[in-house]
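Dear colleague,

I am writing to hand over the structure shown below. Please look through it first; an account of what was found follows.

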Amino acid sequence: MPAPEQHRLIFRHIDERGYTNDIACYQRNGGYQVLRKAVLRKPEELMDEVKKSGLRGRGGAGFSCGVKWSLVDRKSGKPIYLVVNADESEPGTFKDRYIIYQDPHQLIEGIMITCFANRVERAFIYIRGEFPDGARILERAIAEARSAGFAGPNILGTGYGCEIYVHRGAGAYICGEETGLIESLEGKRPYPRIKPPYFPAVLGLYMCPTIVNNVETLCHVKHVADMGGEAYSRIGTPGNTGTRILCVSGHVQRPGYYEFEVGKVTMGQLLNEVCGGPLPGRRFKAVIPGGSSAKVLRFGERYKGKRKAGAETVEYDWGVEDIPMDFDSLAMIGSMGGSGGVIVMDDSVSMVEALGNINAFYSHESCGQCTPCREGSLWMKKITARMVHGEARPEDGALLKSVADQIAGRTICAFGEACAWPTQSFIAKFGDEFKGYGEAKKAPRPDGVPELV
Amino acid sequence: MNLKPETLRKIDEVITHYPVKRSAALPLLHFVQEDQGYISSEAIEWIAARLEIQPINVYELVTFYPMFRQQPIGRRHVKVCRTLSCAIMGAYRTCAEFQRQFATGLGEVSPGGEVTVEFVECLASCGTAPVVMIDDELHLRVDVAKARELSEKIKSESRAPAGAR
């Protein structure tokens with residue numbers, strides 16, 4: 001079946017010739033009209049639209065946005081904060097960058113609608129330190145929106161006011177974890193908080209109720225408010241509504257960002273048609289479907305089981321190419337849609353070396369708060385680095401797995417899983433390659449195959 | 001502390017963004033590092049006093065967040081992304097080429113003080129791998145040939161008189 005057409009909702013103007021990131025251009029293209037209408041409605045109605053839309057968070061966990069908002073403690077009398085997660089730190093993910101750099105006002109409009117709906121009077125955009133120009137672009141966009149009456153005091157004459165501030169991170173992956181991000185915003189080391197009791201919806205920033213939403217999610221809120229939750233929920237597939245930006249990197253002919261209705265495109269269509277297939281003379285070997293912490297998929301393996309299709313339960317028997325790119329299907333086959341970062345590796349890549357690269361990342365980024373994660377991520381890095389640069393033993397795969405198995409489920413935040421899943425899945429799916437690596441690496445390295453560790 | 005008036009103005013302004021002063025610690029560290037090139041122990045004490053917190057509360061940030069440094073670096077900062085998508089597209093070769101061009105090791109100041117070459121983790125531009133940031137500017141698809149070109153550019157700029165840069 002040919003791949004469906006892209007459905008560009010969020011990325012409608014990305015890379016469009018002549019489209020600039022200033023407010024005049026945004027307004028020429030209908031910008032801030034949704035906010036104008038939204039502030040004439042009751043906040044509860046807007047919250048209801050988001051609930052009806054079925055919108056799920058685009059940052060990684062895929063949690064229902066409407067439910068997240070409904071958990072906010074509105075009785076405490078404390079101020080409610082919105083924190084925009086623009087940390088975009090999951091390797092393989094590069095969607096928010098383009099929204100921020102090319103269409104910042106779309107994000108600001110989404111933020112303001114969200115703030116109005118939730119009675120937020122102060123919002124922070126936590127942007128990763130590696131986007132210095134992005135921070136400047138957002139600051140300029142906020143100033144423009146403020147002077148046009150779309151942000152700041154007395155928005156559009158309603159008497160409602162809300163300030164947005166940009167806060168720059170400083171290169172730490174863990175700041176993408178929402179409670180770590182909150183600690184960082186408070187001026188501390190970003191050590192994630194334990195839940196319970198520190199659910200941001202109740203005890204978030206400054207111990208006040210806080211909503212943390214991803215950049216792309218907030219842009220979707222604008223479109224939900226625009227078309228209504230009902231209409232939005234008809235885009236995509238049931239339970240996986242709307243559109244989603246898929247970021248494809250690695251060994252394909254046309255890497256890049258592609259926006260589809262959620263669940264309407266399969267992995268095979270995405271990689272073979274949309275991205276032009278493998279590089280000349282190569283074959284796909286493995287793909288990580290949702291950012292580097294998602295469990296790896298091996299080309300050639302089959303996924304079988306039963307799934308719900310409407311009211312019925314049907315059997316499925318999929319290869320990697322058949323998997324629909326939505327939250328539930330990827331979870332069902334044992335991985336995740338995560339942040340939408342699809343990393344493709346062809347048959348030139350050694351899985352031991354690829355895992356060594358990933359392990360170096362997680363070891364560098366563990367915040368060090370929980371012993372299993374701090375020590376475990378370091379040992380996984382050391383073992384894979386030794387396999388690549390020193391002696392590799394047949395039993396190293398089992399050793400790696402035993403370390404990984406002792407991390408997941410034993411840490412304060414999900415980083416424990418994030419660093420264990422790559423090792424667990426690489427060993428489960430490419431175990432033979434780990435066993436035979438010591439022998440295999442005696443052969444001379446083929447020309448052009450890059451080092452990874 | 002001898003901070004530029006513009007830096008002091010930015011510091012005064014940013015503190016007003018937060019209901020709690022301590023929240024301004026990261027912005028202050030950024031401003032001071034942009035002004036001075038690195039975070040000295042004097043800067044740590046100064047920021048702590050400005051935010052009414054203990055120096056240890058600032059020091060622990062400097063030692064945690066990878067972007068802050070406690071010693072000066074070269075005039076230009078070359079950051080090569082090391083993470084998976086860039087690595088499988090050749091980031092290690094790119095990084096080696098920069099090191100060779102400036103005869104320098106990772107994280108060191110090159111002889112003559114021209115550059116510091118570093119490996120960094122994901123720069124979130126994986127679709128255009130391998131990527132390199134030189135100071136605040138992102139460069140896409142930096143293979144060995146392009147790394148050589150960018151190095152030449154840095155060298156020629158540092159040979160030009162300061163006013164012409």
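**The contact of chains A and B**

In this predicted model, the contact takes 47 residues from chain A and 35 residues from chain B, where two residues are in contact if their C-beta atoms, placed from the backbone, lie within 7 Å. On the side of chain B that touches chain A, at least two residues each come from α2 (25–36), α4 (55–64), α5 (84–87) and α6 (91–101) of chain B. Helices here are DSSP runs of H or I with at least four residues, strands are runs of E with at least two, and both are numbered from the N terminus. With four residues, α2(B) gives the most to this side of chain B. By class, the side of chain B that touches chain A has 22 nonpolar, eight polar and five charged residues. Ala, Val, Leu, Ile, Met, Phe, Trp, Tyr, Cys and Pro count as nonpolar, Asp, Glu, Lys and Arg as charged, and the others, Gly among them, as polar.

As to conventions, residues are numbered from 1 along each chain as its sequence is written, and chains are lettered from A and ligands numbered from 1 in the order in which they are written. Because the model is predicted, local features need pLDDT of at least 70 and side-chain atom pairs count only at pLDDT 80 or more, while totals for chains, interfaces and linings use all residues.

**Chain A and its helices**

Chain A has 18 helices and 13 strands. Of its 453 residues, 56% are buried, that is, 20 or more other C-beta atoms lie within 10 Å of their own.

Helix α15 (residues 371–389) of chain A packs against two other helices. With helix α16 (residues 396–405) of chain A the angle is about 165° and the axes are 9 Å apart; axes are lines fitted to C-alpha atoms over the stretch in contact, and angles run from 0 to 180 degrees between N-to-C directions. The pair α15(A) and α16(A) is therefore roughly antiparallel (angles over 145 degrees). Residues that meet there include A:Trp379 and A:Ile383 in α15(A), and A:Leu399 and A:Val403 in α16(A). The contact of α15(A) with α16(A) has eight nonpolar, one polar and one charged residues.

With helix α17 (residues 415–435) of chain A, α15(A) packs at about 25°, the axes being 10 Å apart. These two, α15(A) and α17(A), are therefore roughly parallel (angles under 35 degrees).

Yours sincerely

Technical notes
Buried ≥ 20, exposed ≤ 12 C-beta atoms within 10 Å, placed from the backbone. Parallel < 35°, antiparallel > 145°, perpendicular 65-115°, else oblique.
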